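Me: I've just opened this one up. Can you walk me through it?

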Amino acid sequence: MEKEQVYESITRTGVVAVIRGETKEEALRVARASVAGGIEAVEITFTVPGAEEVIRVLSDELAGKAAVGAGSVLDAETARIAILAGAQFIVSPCLSEEVIRTCNRYRVFCACGIMTVTEAVRAMEAGADLLKIFPADTLGMGFLKALHGPLPQAKLMPTGGVTVENTADWLRAGAVAVGTGGSLTKGDVSENARRFLAESAKVLKK
Ligand SMILES: O=C(O)C(=O)C[C@H](O)[C@H](O)COP(=O)(O)O
(Lines give C-alpha, C1' and ligand atoms only; values in the text may rest on other atoms or scores of the structure.)
Protein backbone atom coordinates (compact mmCIF):
# COMPACT_ATOMS: atom_id res chain seq x y z
CA MET A 1 0.00 0.00 0.00
CA GLU A 2 1.44 3.37 -1.04
CA LYS A 3 1.95 6.00 1.66
CA GLU A 4 -0.73 8.21 0.08
CA GLN A 5 -3.29 5.39 0.35
CA VAL A 6 -2.40 4.85 4.00
CA TYR A 7 -2.92 8.56 4.68
CA GLU A 8 -6.30 8.30 2.91
CA SER A 9 -7.31 5.27 5.01
CA ILE A 10 -6.40 7.08 8.21
CA THR A 11 -8.02 10.41 7.37
CA ARG A 12 -11.16 9.23 5.50
CA THR A 13 -12.81 8.27 8.82
CA GLY A 14 -10.32 10.16 11.01
CA VAL A 15 -10.10 7.32 13.54
CA VAL A 16 -7.25 4.83 14.05
CA ALA A 17 -7.98 1.81 16.25
CA VAL A 18 -5.12 1.12 18.68
CA ILE A 19 -5.32 -2.62 19.46
CA ARG A 20 -3.64 -3.74 22.67
CA GLY A 21 -4.98 -7.22 23.53
CA GLU A 22 -3.66 -9.74 26.05
CA THR A 23 -3.60 -12.49 23.43
CA LYS A 24 -3.40 -12.88 19.65
CA GLU A 25 -7.02 -14.05 19.56
CA GLU A 26 -8.25 -10.99 21.44
CA ALA A 27 -6.29 -8.66 19.15
CA LEU A 28 -7.75 -10.36 16.07
CA ARG A 29 -11.29 -10.16 17.45
CA VAL A 30 -11.01 -6.46 18.35
CA ALA A 31 -9.37 -5.53 15.03
CA ARG A 32 -12.04 -7.37 13.02
CA ALA A 33 -14.84 -5.80 15.06
CA SER A 34 -13.33 -2.31 14.59
CA VAL A 35 -13.27 -2.77 10.82
CA ALA A 36 -16.81 -4.23 10.86
CA GLY A 37 -17.82 -0.98 12.59
CA GLY A 38 -16.32 1.06 9.73
CA ILE A 39 -12.78 1.90 10.88
CA GLU A 40 -10.25 1.77 8.04
CA ALA A 41 -6.94 1.82 9.93
CA VAL A 42 -5.98 -0.61 12.71
CA GLU A 43 -2.75 -0.44 14.68
CA ILE A 44 -1.60 -3.68 16.29
CA THR A 45 0.67 -2.74 19.17
CA PHE A 46 3.84 -4.70 19.84
CA THR A 47 2.75 -5.32 23.43
CA VAL A 48 0.39 -7.96 21.97
CA PRO A 49 2.14 -11.36 22.22
CA GLY A 50 2.83 -12.50 18.66
CA ALA A 51 1.93 -9.09 17.21
CA GLU A 52 3.76 -9.83 13.96
CA GLU A 53 1.58 -12.92 13.38
CA VAL A 54 -1.57 -10.84 13.97
CA ILE A 55 -0.28 -8.28 11.45
CA ARG A 56 0.46 -11.04 8.94
CA VAL A 57 -3.07 -12.47 9.20
CA LEU A 58 -4.88 -9.13 9.13
CA SER A 59 -2.88 -7.45 6.37
CA ASP A 60 -3.94 -10.30 4.12
CA GLU A 61 -7.52 -10.66 5.37
CA LEU A 62 -8.34 -6.92 5.46
CA ALA A 63 -6.71 -6.01 2.13
CA GLY A 64 -8.95 -3.50 0.36
CA LYS A 65 -10.90 -2.81 3.56
CA ALA A 66 -8.42 -1.33 6.02
CA ALA A 67 -4.78 -0.38 6.42
CA VAL A 68 -3.05 -2.60 8.98
CA GLY A 69 -0.20 -1.07 10.95
CA ALA A 70 2.07 -1.72 13.93
CA GLY A 71 2.08 0.32 17.12
CA SER A 72 4.33 0.81 20.16
CA VAL A 73 7.31 0.44 17.80
CA LEU A 74 10.33 1.64 19.78
CA ASP A 75 13.27 0.70 17.57
CA ALA A 76 14.36 -0.07 14.02
CA GLU A 77 14.46 -3.82 14.67
CA THR A 78 10.77 -3.90 15.60
CA ALA A 79 9.88 -1.65 12.66
CA ARG A 80 11.64 -4.06 10.27
CA ILE A 81 9.89 -7.12 11.81
CA ALA A 82 6.53 -5.35 11.43
CA ILE A 83 7.24 -4.34 7.83
CA LEU A 84 8.28 -7.91 6.95
CA ALA A 85 5.00 -9.16 8.48
CA GLY A 86 3.10 -6.81 6.15
CA ALA A 87 2.54 -3.69 8.27
CA GLN A 88 1.43 -0.84 6.04
CA PHE A 89 2.18 1.82 8.61
CA ILE A 90 4.31 2.12 11.72
CA VAL A 91 3.43 4.08 14.85
CA SER A 92 5.86 4.88 17.66
CA PRO A 93 4.94 6.53 20.97
CA CYS A 94 8.22 8.50 20.90
CA LEU A 95 10.55 10.26 18.50
CA SER A 96 12.99 7.71 17.14
CA GLU A 97 14.96 8.84 14.11
CA GLU A 98 16.07 5.23 13.45
CA VAL A 99 12.43 4.11 13.24
CA ILE A 100 11.59 6.93 10.80
CA ARG A 101 14.70 6.13 8.74
CA THR A 102 13.82 2.43 8.59
CA CYS A 103 10.27 3.20 7.45
CA ASN A 104 11.49 5.53 4.72
CA ARG A 105 14.06 2.99 3.54
CA TYR A 106 11.10 0.75 2.64
CA ARG A 107 8.71 3.60 1.77
CA VAL A 108 6.41 2.69 4.63
CA PHE A 109 4.19 5.32 6.26
CA CYS A 110 5.48 6.45 9.67
CA ALA A 111 3.58 8.15 12.50
CA CYS A 112 5.92 9.33 15.22
CA GLY A 113 5.15 10.29 18.83
CA ILE A 114 5.96 13.86 19.89
CA MET A 115 5.26 16.01 22.93
CA THR A 116 7.25 19.19 22.29
CA VAL A 117 7.70 21.66 19.42
CA THR A 118 11.34 20.62 19.13
CA GLU A 119 10.36 16.96 18.75
CA ALA A 120 7.71 17.90 16.18
CA VAL A 121 10.27 19.74 14.02
CA ARG A 122 12.84 16.93 14.40
CA ALA A 123 10.25 14.32 13.42
CA MET A 124 9.25 16.25 10.29
CA GLU A 125 12.87 16.87 9.32
CA ALA A 126 13.60 13.16 9.75
CA GLY A 127 10.70 12.34 7.39
CA ALA A 128 7.77 11.33 9.60
CA ASP A 129 4.47 11.32 7.70
CA LEU A 130 2.24 12.03 10.68
CA LEU A 131 2.90 13.37 14.17
CA LYS A 132 1.20 11.49 16.97
CA ILE A 133 0.58 13.89 19.85
CA PHE A 134 1.09 11.58 22.81
CA PRO A 135 -0.17 11.50 25.51
CA ALA A 136 -2.90 13.74 24.08
CA ASP A 137 -5.03 13.97 27.23
CA THR A 138 -2.05 15.21 29.24
CA LEU A 139 -0.93 17.73 26.62
CA GLY A 140 -4.46 18.96 25.86
CA MET A 141 -6.14 20.62 22.90
CA GLY A 142 -4.35 23.90 23.64
CA PHE A 143 -1.05 22.21 22.81
CA LEU A 144 -2.32 21.04 19.41
CA LYS A 145 -3.61 24.52 18.53
CA ALA A 146 -0.40 26.20 19.73
CA LEU A 147 1.72 23.77 17.69
CA HIS A 148 -0.21 24.68 14.56
CA GLY A 149 0.81 28.34 15.02
CA PRO A 150 4.44 27.99 13.92
CA LEU A 151 3.82 24.64 12.19
CA PRO A 152 0.57 24.90 10.17
CA GLN A 153 1.94 22.23 7.82
CA ALA A 154 2.13 19.58 10.57
CA LYS A 155 -0.30 16.67 10.24
CA LEU A 156 -1.37 15.80 13.78
CA MET A 157 -2.98 12.70 15.31
CA PRO A 158 -3.69 13.02 19.05
CA THR A 159 -3.64 9.68 20.88
CA GLY A 160 -4.07 8.77 24.54
CA GLY A 161 -7.33 9.48 26.35
CA VAL A 162 -9.33 10.13 23.16
CA THR A 163 -13.02 9.24 23.66
CA VAL A 164 -16.26 9.31 21.66
CA GLU A 165 -17.12 12.49 23.55
CA ASN A 166 -13.97 14.46 22.63
CA THR A 167 -13.23 13.10 19.12
CA ALA A 168 -15.11 15.84 17.27
CA ASP A 169 -13.41 18.50 19.42
CA TRP A 170 -9.94 17.16 18.56
CA LEU A 171 -10.77 17.16 14.84
CA ARG A 172 -12.28 20.64 15.05
CA ALA A 173 -9.08 21.80 16.80
CA GLY A 174 -7.14 20.76 13.68
CA ALA A 175 -6.23 17.06 14.05
CA VAL A 176 -6.37 15.06 10.79
CA ALA A 177 -7.26 11.94 12.79
CA VAL A 178 -7.35 10.59 16.33
CA GLY A 179 -5.95 7.34 17.70
CA THR A 180 -8.06 5.51 20.25
CA GLY A 181 -7.47 2.39 22.33
CA GLY A 182 -9.34 1.87 25.60
CA SER A 183 -12.53 3.77 24.70
CA LEU A 184 -12.95 1.75 21.51
CA THR A 185 -11.96 -1.69 22.67
CA LYS A 186 -14.08 -2.05 25.84
CA GLY A 187 -17.57 -3.55 25.43
CA ASP A 188 -19.20 -3.79 22.00
CA VAL A 189 -16.30 -2.83 19.74
CA SER A 190 -18.25 -2.51 16.46
CA GLU A 191 -20.87 -0.34 18.14
CA ASN A 192 -18.14 1.80 19.73
CA ALA A 193 -16.50 2.16 16.31
CA ARG A 194 -19.79 3.35 14.79
CA ARG A 195 -20.17 5.91 17.59
CA PHE A 196 -16.62 7.20 17.01
CA LEU A 197 -17.26 7.49 13.28
CA ALA A 198 -20.57 9.31 13.79
CA GLU A 199 -18.60 11.90 15.78
CA SER A 200 -15.75 12.27 13.29
CA ALA A 201 -18.25 12.54 10.41
CA LYS A 202 -19.76 15.64 12.03
CA VAL A 203 -16.46 17.43 11.41
CA LEU A 204 -14.95 15.69 8.37
CA LYS A 205 -18.05 15.70 6.13
CA LYS A 206 -18.40 19.49 6.28
O1 LIG B 1 2.33 3.39 22.46
C2 LIG B 1 1.35 3.23 21.79
O3 LIG B 1 1.30 2.47 20.87
C4 LIG B 1 0.15 4.02 22.09
O5 LIG B 1 -0.54 4.37 21.16
C6 LIG B 1 -0.18 4.36 23.48
C7 LIG B 1 -1.61 4.09 23.93
O8 LIG B 1 -1.90 2.73 23.95
C9 LIG B 1 -2.61 4.80 23.08
O10 LIG B 1 -2.36 6.14 23.28
C11 LIG B 1 -4.03 4.47 23.37
O12 LIG B 1 -4.46 5.13 24.50
P13 LIG B 1 -5.95 5.07 25.02
O14 LIG B 1 -6.87 5.47 23.89
O15 LIG B 1 -5.98 6.10 26.14
O16 LIG B 1 -6.20 3.69 25.50
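Reply: Terms before places: helices (H or I, at least four residues) and strands (E, at least two) are DSSP runs, numbered from the N terminus. This is a predicted model, where local features need pLDDT of at least 70, side-chain atom pairs count only at pLDDT 80 or more, and totals for chains, interfaces and linings use all residues. Residues count from 1 along each chain as its sequence is written, and side-chain values use heavy atoms, without hydrogens and water.

Me: Where does Ser72 lie?

Reply: In the loop between β3 (67-71) and α4 (76-85). Ser72 is not a glycine, yet its phi is positive, about 55 degrees.

Me: Which residues are closest to the ligand?

Reply: Arg20, Ser72, Lys132, Gly161 and Gly181. The ligand has 14 residues around it (a heavy atom within 4 Å).

Me: What classes make up the shell?

Reply: Three nonpolar, eight polar and three charged residues. Asp, Glu, Lys and Arg count as charged; Ala, Val, Leu, Ile, Met, Phe, Trp, Tyr, Cys and Pro as nonpolar; the others, Gly among them, as polar.

Me: Where does the ligand sit?

Reply: In the largest pocket; more than half of its atoms lie within 2 Å of the grid points. A pocket is an open set of 1 Å grid points where a 1.4 Å probe fits, with protein on both sides within 12 Å along at least five of seven lines; lining residues have an atom within 4 Å of a point.

Me: What lines it?

Reply: 16 residues, with Val18, Phe134, Thr159, Gly160 and Gly181 nearest the centre. β8 (178-180) and α10 (182-185) each give two or more.

Me: New topic. Where is the cis peptide bond?

Reply: Between Phe134 and Pro135, with omega about -5 degrees. Pro135 is in the loop between β6 (130-133) and α7 (136-139).
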